[in-house]
Amino acid sequence: MLGNPANKNKAVGLTPRQFHYAFTNTLSHEESQAVYDRYHVPGSARVLFQGAFANFNPRAATRVDFRNNSRAPLLFIAGGADHIVPPKVNKANARLYRKSSAITDYHEFPDRSHYTVGQDGWEGVADFALAWAVRNSQARA
């Protein structure tokens, strides 16, 4: 998507092969194709361009105040096999957000892809996130 600047204001789709690599890499090709056929929609390339060039723009829409002490508690959930946002990226983001005194936690689910909420066993991820949110719902920064 980033290879062609003319895509900046367009919706761009993935091929089934790209989708399998990016989102459903822990599924079989047949399972991935079924997910692709049901859920794939082209996405805005603008978000990718904004992210790619954010470090060169001091007023970027993607700018984050990592020292915001009044934000809500934040849980990073990583899939151990995620190709879009690998665990090391989630861990790095969690470290940045820990510059704030607000609650920041990280939890990794091994062998889960970016499609974690659609995979078998998604209920365990949802239960973990809900229990974490309930535990931290009264937290004040």
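The paragraphs below treat the aromatic pairs and then the strand pairing.

This is a predicted model, in which local features need pLDDT of at least 70 and side-chain atom pairs count only at pLDDT 80 or more, while totals for chains, interfaces and linings use all residues. Residues are numbered from 1 along each chain as its sequence is written, and side-chain values use heavy atoms, leaving out hydrogens and water.

Rings of Phe, Tyr and Trp (its six-membered ring) pair if their centres lie within 6.5 Å; planes under 30 degrees apart count as stacked, over 60 as edge-to-face and the rest as tilted. By this rule there are five aromatic pairs. The pair of phenylalanine 76 and tyrosine 97 is tilted, because the ring centres are 5.6 Å apart and the planes stand at 50°. Phenylalanine 76 belongs to strand E3 (residues 74–79) and tyrosine 97 to helix H4 (residues 87–97), so the pair ties together parts that are 21 residues apart in sequence. Helices (H or I, at least four residues) and strands (E, at least two) are DSSP runs, numbered from the N terminus. Both phenylalanine 76 and tyrosine 97 are buried, where buried means under 20% relative accessible area, exposed over 50% and partly exposed in between (1.4 Å probe, protein chains only).

Phenylalanine 109 and phenylalanine 128 form an edge-to-face pair, with 5.7 Å from centre to centre and 85° between the planes. Phenylalanine 109 is buried, at 15% relative accessible area, whereas phenylalanine 128 is partly exposed, at 25%.

Strands E3 and E4 run parallel and are joined by six bridges; two strands pair if DSSP finds at least two bridges between them. Leucine 74 has threonine 104 in E4 as its bridge partner.
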